[in-house]
Amino acid sequence: MKLSASSRKSIVQSLAGKGLSLRIGSFNIRLRSSVGAVADHLICLYGAFNILDGLDFIDFNVAINPPLSLRRYLRPQVNFSFDGYFPFKPLPYAQAPAFFEWGLNWCIASHSNQFLIIHAAAVELNGQAFIFAGIPGSGKSTLSAAMVCRGWRLLSDEMTLLCLSDGLAYPVPRPVSLKNQSLDIIRQFSPDAIIGSIVNDTLKGTVGHMRPPDSSVERSATPALPTKVIFPKYKQGSQTELAPLSKAKALLKLAENCFNYSALGKEGFDGLGRLCDATDCYDFSYSNLDEAIALFTELAS
Amino acid sequence: MLKNYTVDLPPNGWVWFRFWEDECVVFHELSGQIHLIAEMGAFLLKLISEQPYTRSQLLAHFVNSFELSIDFNLEEFLDKLIIEYQNLGLLTVTENS
């Protein structure tokens, strides 16, 4: 059953009780939370995801709850817990929905070494997965958000899961994280985009999440073959420019953007090598989303 | 610097290569370091990834494969390159008897 078929009341009850279990890409997660904003975040952004019954194996048991202390009342905060362990310091109460997203990122990045995990967004069209890798602020989420607003399938934001055995990119089509001016850019670019609650004054600035297309969520079980690795750089006023990048330089840049490269050792090196063998690699600078999407759509045709 | 030596890969399989055209990426498994190496360095590593070479054999390969200017001191360049890569753990040098 999809989450959108449940009432807010039953979602709130599940979250406050035994937890709400969701299938997200390759993972089963169970979330407990007494925070109303977390329920609203799920209702707004996770409506197309399937709720699991109580019998499924759960990969990540997580919770977002206020601490059991006076901080519940004075400048309230929330904790993120994973299997009863608190990997982070608490954050302000208003950041609870974003804390869920960041915490889940950490769970996946820290515990999924069956995948090579690259700090990259991935989108797909015509069976071709394009991987947008780069440091925070390079514009990869903005670009991928705009592309999925124009019909590309969202495979993942924040992290690309590359399977070491088959080389395919596995979907985790969670909400796209948008920061600061990217929020306005996407609002103007696609007024129909659904963006959840906005959280100000985080360590990353102002943060909001865009709902993934229902069609992307429905195809969560279908991986895609990477054909392009692109290192985007958003620069206001810049020309749209796609410059070929040697495979060796691309491998080095990918290694710098991997979460678990050092943990995987030679297996990770081989995985990146195979990815570079199988793809065309580019540096990409842009400021005009329509031009960028037209270029990539042509490349994928 | 020795003048009569053989260059080979480290003995324990710590070093892994990926070669593309005139570039290569080297992964040193023990340190976790990754190195991007181009042109003559990549050429040297490509050779020794296939088999050990003596200094004189390497010099001959470089002379045959690159258009070197008259004032380029190939021997000094090769010796320095080998010391640098030896220090990074990418190859081993054995003195020939």
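**Domains of chain A.** I started with the spacing: in this predicted model, the centres of domain 1 and domain 2 of chain A, taken over C-alpha atoms, are 25 Å apart. For the bounds I noted 3–111 for domain 1 and 115–299 for domain 2.

Next I looked at where the two domains touch. Domain 1 of chain A puts 18 residues into the contact and domain 2 of chain A puts in 24. On the domain 1 side, I found that α2 (36–45) and α3 of chain A each supply at least two residues. The biggest giver there is α3(A), with six residues. I sorted that side of domain 1 by type and got eleven nonpolar, five polar and two charged residues.

**Core.** Which residues have the most contacts inside the largest nonpolar core? I got A:Ile118 and A:Ile131, in a core of 106 residues. Helix α3 (residues 96–111) of chain A turned up again, giving this core its largest share, eight residues. I also checked both domains of chain A: the core draws at least three residues from each.

**Chain B against chain A.** Here I found eleven residues from chain B and twelve residues from chain A in the contact. On the chain B side, the elements giving two or more residues are β2 (15–20), β3 (23–28) and β4 (33–38). I put β3(B) down as giving the most, with four residues. By type, I logged this side of chain B as seven nonpolar, one polar and three charged.

Methods:
Residues are numbered from 1 along each chain as its sequence is written. Chains are lettered from A and ligands numbered from 1 in the order in which they are written. This is a predicted model: local features need pLDDT of at least 70, side-chain atom pairs count only at pLDDT 80 or more; totals for chains, interfaces and linings use all residues. Two residues are in contact if their C-beta atoms, placed from the backbone, lie within 7 Å. Ala, Val, Leu, Ile, Met, Phe, Trp, Tyr, Cys and Pro count as nonpolar, Asp, Glu, Lys and Arg as charged, and the others, Gly among them, as polar. A nonpolar core is a set of buried Ala, Val, Leu, Ile, Met, Phe, Trp, Tyr and Cys residues joined through C-beta atoms within 7 Å. A residue is buried if 20 or more other C-beta atoms lie within 10 Å of its own, exposed if 12 or fewer, and partly exposed in between; C-beta atoms are placed from the backbone. Domain bounds come from an automatic or database domain assignment.
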